[in-house]
Amino acid sequence: MDESGADQRIPSERELVALWGTSRTALRHRLRMLEAMGALERRGAAGTYTRTVKPGDVASALKIGLHSSALSSAAAFQPVRVALERQAVKMAAEDFKPVPVAHAEEAVMRMEKSSSPDELYSADMDFHHALFQASGDPALMFFSAAVGDLIADSVSARRERMLRLANDVDEMRVLHREILEAVKAKDSSRAMEAMDRHFERIDSLSADDELVAEHEGRETKVS
């Protein structure tokens, strides 16, 4: 047996119910959670075995938990995204790393050259990913990978608006360029302020969209 406790067969459900004094339904729920985290592995007739939990397993479990929680929508997740990215840009400016910052600049240049909503979306995602890498912080990079789907949902919510209003695209380019230049200047305060303006504008656009939707709803009722 592995002294770490991995790759060991756990008792049967009947034995565990007797051992823990719990119901079989509650037991199965807990076992499924441990399996989702990668701590257990079912091997058919051979039984269920313990596993060493890897960072990727924890990230997957975190992703599953977030998608089934109140944070599953882009709007609800936004405050978490703001906190993560604000810290990432601060650390990127304080501990300048040329390679990921160069990747961020390449993404901004793609934004500035393209008018395709799909290309703008891709460049936007690449820009924010590069900032997390530029932070150099393992925890931030881990969480950015774990919540990548929710970050993507937050960014993609603006794609339809990009198709309609050219001014929003121009402003997006300016805001991302401001963040980048602050990081390149190694000015963490300015970088955080630029990131704050970026998210304040996103909040403003979201509020505008809600007003438009509300107005259209009223007109539908009247007609």
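The model is predicted, so local features need pLDDT of at least 70 and side-chain atom pairs count only at pLDDT 80 or more, while totals for chains, interfaces and linings use all residues. Residues are numbered from 1 along each chain as its sequence is written, and side-chain values use heavy atoms, with hydrogens and water left out. The protein chain has eleven helices and two strands.

**Overall fold**

- Helices (H or I, at least four residues) and strands (E, at least two) are DSSP runs, numbered from the N terminus.
- Reading from the N terminus, the order of elements is α-α-β-β-α-α-α-α-α-α-α-α-α.
- Of the 223 residues in the protein chain, 36% are buried; buried means under 20% relative accessible area, exposed means over 50%, and partly exposed is in between, using a 1.4 Å probe and protein chains only.
- Take the contacts (heavy atoms within 4.5 Å) in the protein chain with a separation of 6 or more: 66% of them join residues 24 or more positions apart.
- The protein chain has an accessible surface of about 12,600 Å², and 56% of that belongs to carbon and sulfur atoms; accessible areas come from the Shrake-Rupley method with a 1.4 Å probe, and for residues only the protein chains shown count as cover.

**Salt bridges**

- Side chains of opposite charge can pair when their charged atoms come close.
- A salt bridge is a side-chain nitrogen of Lys or Arg within 4 Å of a carboxyl oxygen of Asp or Glu, and the count by this rule is 20.
- One of them joins Asp7 and Arg43, at 2.5 Å from N to O. This pair links distant parts of the chain, 36 residues apart: Asp7 is in the segment before α1 (13-20), and Arg43 is in the loop between β1 (40-42) and β2 (48-50).
- Asp7 is partly exposed because its relative accessibility is 40%, and Arg43 is partly exposed because its value is 33%.
- Helix α10 holds both Arg177 and Glu181, four residues apart, about one turn of the helix. Their closest N and O atoms are 2.9 Å apart in a salt bridge.
- Glu181 also meets Lys184 in a salt bridge, at 3.7 Å from N to O. These two residues lie in helix α10 as well, three residues apart.
- Salt bridges that share partners join Glu105, Glu112, Arg177, Glu181 and Lys184 into one network.

**Aromatic rings**

- Rings of Phe, Tyr and Trp (its six-membered ring) pair if their centres lie within 6.5 Å; planes under 30 degrees apart count as stacked, over 60 as edge-to-face and the rest as tilted.
- The whole structure has one aromatic pair. Phe142 and Phe143 form this edge-to-face pair, with 5.2 Å from centre to centre and 80° between the planes.
- Arg43 lies over the face of Tyr49, 4.2 Å from the ring centre; the rule asks for NZ of Lys or CZ of Arg within 6 Å of the ring centre and within 35 degrees of the ring normal.

**Two loop residues**

- Ser114 is in the loop between α5 (98-113) and α6 (117-135). At 13% relative accessibility, Ser114 counts as buried.
- Leaving out residues up to four places away in sequence, Ser114 touches Glu119, Leu120 and Arg173.
- Lys186 is in the loop between α10 (166-184) and α11 (188-222), and Lys186 counts as exposed because its relative accessibility is 55%.
- Most residues other than glycine have a negative phi. The phi of Lys186, however, is positive, near 60°.
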